[in-house]
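Me: Hi! I'd like to talk through a model with you. Could you have a look?

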Amino acid sequence: MKKLIAILLAVFMIFSLAACGNSASKTEQSSAENTTNDMVSTENNNTGDLEEAKAPDTQSEEAEAPEVQGNRVLVAYFSATNTTEGVAKYIADGLDADLYEIIPKVPYTDADLNYSDNDSRTTIEMNDPDARPEISGSVENMEQYDIVFIGYPIWWGEAPRIVCTFMEGYDFSGKTIVPFCTSGSSGIGSSATNLEKLTSDAKWLDGRRFGGSDSQDTVMEWVNSLDLDLGE
Ligand SMILES: Cc1cc2nc3c(=O)[nH]c(=O)nc-3n(C[C@H](O)[C@H](O)[C@H](O)COP(=O)(O)O)c2cc1C
């Protein structure tokens, strides 16, 4: 009899323990489910919060985003024997502007530059108003510049034809263009107004001629007299 009671007790205990185990694992599962749901809902909430929090940020970023970063002033120049280059560098240095050299795809040799020779390359080019010597490379992000200086040597009273190639190669509308040149003795003459005809909707300022011996002070005195809107 004692044995039977012991067996019955043992069976009862086994059932009770099994029932406890089931309820424990269910609780764990349900608590795990809750946690998962909580996480999902938290994630959802967080996502929602983030989205809500992000939206105004994005808007304010858009509202406050500065326009294209970078210099607003470009000094572009062509120089066959470095005189104009010197003046261009004075201006770029004085205004902390970007500098761009117009480099011919086919470089000019000394023979090409011989203006005493009727058959030299420069004589032939300058005798042909439609000549457009090719340029090697290009200005990156011309859109970013509001003010473009354009410098060149005087060849037969005009800007070299490669400068025409440059002026026709970009959209200068809305920009201020400031021509300057160097020469043996000729003034800027009609060289700048002839270049102006190759652009549209740009504001051309009066240009100025310099000699190779003009100092940076002289050059910057002229630049400062232009009262340019440098956006500072
Ligand atoms: C083909 C050619 C034509 C030139 N024509 C003139 C001119 O008409 N008047 C003038 O004063 N100088 C003239 N020059 C001299 C240049 O304008 C002068 O040396 C200039 O400063 C050179 O600039 P760069 O060193 O930047 O090329 C001419 C030079 C060359 C090569």
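Me: Leaving aside its neighbours within four places in sequence, which residues is leucine 95 in contact with?

Reply: Leucine 95 is in contact with Val73 and Val223. Two residues are in contact if their C-beta atoms, placed from the backbone, lie within 7 Å. A note before we go on: this is a predicted model, where local features need pLDDT of at least 70, side-chain atom pairs count only at pLDDT 80 or more, and totals for chains, interfaces and linings use all residues. Residues are numbered from 1 along each chain as its sequence is written.

Me: Thanks! Is leucine 95 buried or exposed?

Reply: Leucine 95 is buried, because 20 other C-beta atoms lie within 10 Å. The cut-offs are 20 or more other C-beta atoms within 10 Å of a residue's own for buried, 12 or fewer for exposed, and partly exposed in between, with C-beta atoms placed from the backbone.

Me: And which helix is leucine 95 in?

Reply: Leucine 95 lies in helix α2, which covers residues 83-95. Helices (H or I, at least four residues) and strands (E, at least two) are DSSP runs, numbered from the N terminus.

Me: New topic: the ligand. How many residues surround it, and which are closest?

Reply: The ligand has 21 residues around it, and the closest are Ser79, Thr81, Thr83, Thr84 and Pro153. A residue counts as near if its C-beta atom, placed from the backbone, lies within 6 Å of the molecule. Helix α2 gives the most to this shell, with 3 residues.

Me: How does the shell divide into nonpolar, polar and charged?

Reply: There are 7 nonpolar, 13 polar and 1 charged. Here Ala, Val, Leu, Ile, Met, Phe, Trp, Tyr, Cys and Pro count as nonpolar, Asp, Glu, Lys and Arg as charged, and the others, Gly among them, as polar.

Me: On to β6. Which strands does it pair with?

Reply: Two strands pair if DSSP finds at least two bridges between them. Strand β6 (residues 176-182) runs parallel to β5 (residues 147-153), with 7 bridges joining them. Strand β6 also pairs in the parallel sense with β7 (residues 203-204) over 2 bridges, and 3 bridges join β6 to β8 (residues 208-210), again parallel.

Me: Nice. What are some bridge partners there?

Reply: Glycine 151 partners phenylalanine 180 of β6. Isoleucine 177 stands opposite tryptophan 204 in β7, and threonine 182 has phenylalanine 210 of β8 as its bridge partner. Strand β6 is mostly covered, with 6 of its 7 residues buried.

Me: Which helix goes with β5 and β6 in a β-α-β unit?

Reply: Helix α4 (residues 161-168) does, and the unit is right-handed. That means that, with the strands pointing away from the viewer, the path from the first strand over the helix to the second runs clockwise.

Me: Why is α4 largely enclosed?

Reply: Because 6 of its 8 residues are buried, including Ile162 and Phe166. The buried residues of α4 pack against β1, β3, α3, β4, β5 and α5.

Me: Last one: what is the mean pLDDT of the protein chain?

Reply: The mean is 81, and 70% of the residues reach 70 or more; pLDDT is the predictor's confidence in each residue, from 0 to 100. Where pLDDT is low, the predicted coordinates should not be read in detail.
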